[in-house]
Amino acid sequence: MAERAGETPAASEGPAAERVQASVNVAAIERNCARLRAGLADGTQLCAVVKADGYGHGAVASSRAALAGGADWLAVAGSRELCELRAAGLEVPILVMGALTQGELADTLAARGDVVVWAERQVAAVAAAGGGRVHVKLDSGMGRLGTRHPEEASAVADAADRTPGVELAGAMTHFATADELDDDGFFSVQLRVFERWVAALKQTRPGLLVHAANSAAMLRDTAAQFDMVRCGIAIYGMDPFGEDPAERGLEPALELRSYLADVKDCSAGESAGYGRRFVAERDTVVGVLPLGYGDGWRRNLTNACDVLIGGVRYPLVGTISMDSVTVDLGPDGGESLLGEPAVLIGLQGSGRITAEEIARRLETINYEITCGLTPRVTRVYHRDGAPEAARAAANEPGSA
Ligand SMILES: *Cc1c(COP(=O)(O)O)cnc(C)c1O
């Protein structure tokens, strides 16, 4: 620990200040939101989804950036996430999208969160817990939360209308296949079912806020945008279709960085890591990065991904452990690299590793890569390279 990576200057960036850090560019989140806004019809609102700690980016800092970029609403999955945002002074409307226990419902209403309902018993529960704003959810084909029956959903809306203390604020659904362009038309079927239901509801309630689209649906079909879109993945600059985010004008906000904490010779036949899953075929130099699955760098990435050091790609080799991974620096890699910054997700020199690439190697989706970064990873915020104090970003009272 005496040797901070910081003492070694890097060619293309500042020294690594942390063992492992997720460096988040709030300006990128702002620009992604502005870019999404530009794709919406006038009057259509943007709801920034910041559940799961802002998909691993930090919920409060991401919320502030999204609002600065033009978001009107925020959405989370549960009451604890809502309370974190309220405690930080964020006073915009916040939709709580997940299922709620009785305790969570009370906390949500106390923190002025909008609640999702699909049964008359839930409307009664909202009234009993002190009242609040509700959004009725039709399950048009996702097969999770919501009622599959439009008439039942309409009855729930009627119940909300006539229950004192309950305000019917919105009507919503969620798409199952918006991110699959070859979905045999299922997206369109869901869209039609939902359109038919909300058209009837809106006849008597023109002010109802109708919303359905996640990032993929919003980018895929303007007909899915209605009065508001609920965008998560795209505001962080990741691609909802798992492709290169740059192709849709999205800018990844998060970079994952560490540094070369040790460098050692590894002769042909010598190994690195648990189970000797890397055995050098030739004399080489192995570097050690102080991160592992305890930080969310999944063990399935063993012998399966690269890292950027000095702008060059090197393969991670050997088993990913809880706190360390090893990298094959090649025969010419040497002592001179000790302390060099290492980029696991992000840009360095002309090199680039995206969350989408890591997701492909793990046969998962980009969402899981950033959500999976554990609290042990220090989040550091900047604005296009200018430091933005993490504490200020997290705790500053809202301007409202
Ligand atoms: C998470 C979530 C979203 C956001 O989805 P993205 O694909 O990240 O844009 C929208 N709506 C609901 C109901 C969600 O659960």
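Q: Why does the largest cavity lie between domain 1 (26–248) and domain 2 (254–393)?
A: Both domains give residues to its lining, so the largest cavity lies between them. The domain bounds come from an automatic or database domain assignment. Before we go on: this is a predicted model, where local features need pLDDT of at least 70, side-chain atom pairs count only at pLDDT 80 or more, and totals for chains, interfaces and linings use all residues. Residues are numbered from 1 along each chain as its sequence is written, and side-chain values use heavy atoms, with hydrogens and water left out.

Q: What makes a space count as a cavity, and which residues line the largest cavity?
A: On a 1 Å grid over the protein atoms alone, a cavity is a set of points where a 1.4 Å probe fits but cannot get out, and lining residues have an atom within 4 Å of a point. Here the lining is H57, Y236, M238, P252, A253, L254, I345, T354, A355, E356 and T370.

Q: How many cavities of 30 Å³ or more does the structure hold, and how much space lies in the largest cavity?
A: There is one cavity of 30 Å³ or more, and the largest cavity has about 60 Å³ of space. That volume is the space filled by probe spheres set on the grid points, which are joined across faces, edges and corners.

Q: How do the lining residues of the largest cavity divide into nonpolar, polar and charged?
A: Seven are nonpolar, three polar and one charged. Ala, Val, Leu, Ile, Met, Phe, Trp, Tyr, Cys and Pro count as nonpolar, Asp, Glu, Lys and Arg as charged, and the others, Gly among them, as polar.

Q: What span is expected for helix α1, and what does it reach?
A: Helix α1 covers residues 26–38, and its 13 residues reach 19 Å from first C-alpha to last, close to the 18 Å expected. The expected span is 1.5 Å times one less than the number of residues. As for the name, helices (H or I, at least four residues) and strands (E, at least two) are DSSP runs, numbered from the N terminus.

Q: What makes N25 a cap for α1?
A: A side-chain oxygen of N25 lies 3.0 Å from the backbone nitrogen of A27, at the N-terminal end of α1. A polar contact is a pair of N or O atoms within 3.5 Å; within protein, one must be able to donate a hydrogen and the other to accept it, and residues adjacent in sequence count only if both atoms are side-chain atoms.

Q: Why is V24 called buried?
A: Buried means under 20% relative accessible area, exposed over 50%, partly exposed in between (1.4 Å probe, protein chains only). V24, in strand β1 (residues 21–25), has 0%, so buried is the label.

Q: Is T177 buried or exposed, and what does its side chain contact?
A: T177 sits in the loop between β7 (166–172) and α8 (186–204), and its relative accessibility is 11%, so T177 counts as buried. Its side chain joins that of D183 in a polar contact of 2.7 Å, and one of its side-chain polar atoms lies 3.5 Å from the backbone nitrogen of F187.

Technical notes:
1 Å grid on protein atoms, 1.4 Å probe; cavity = no way out; pocket = protein on both sides within 12 Å on 5 of 7 lines; lining within 4 Å.
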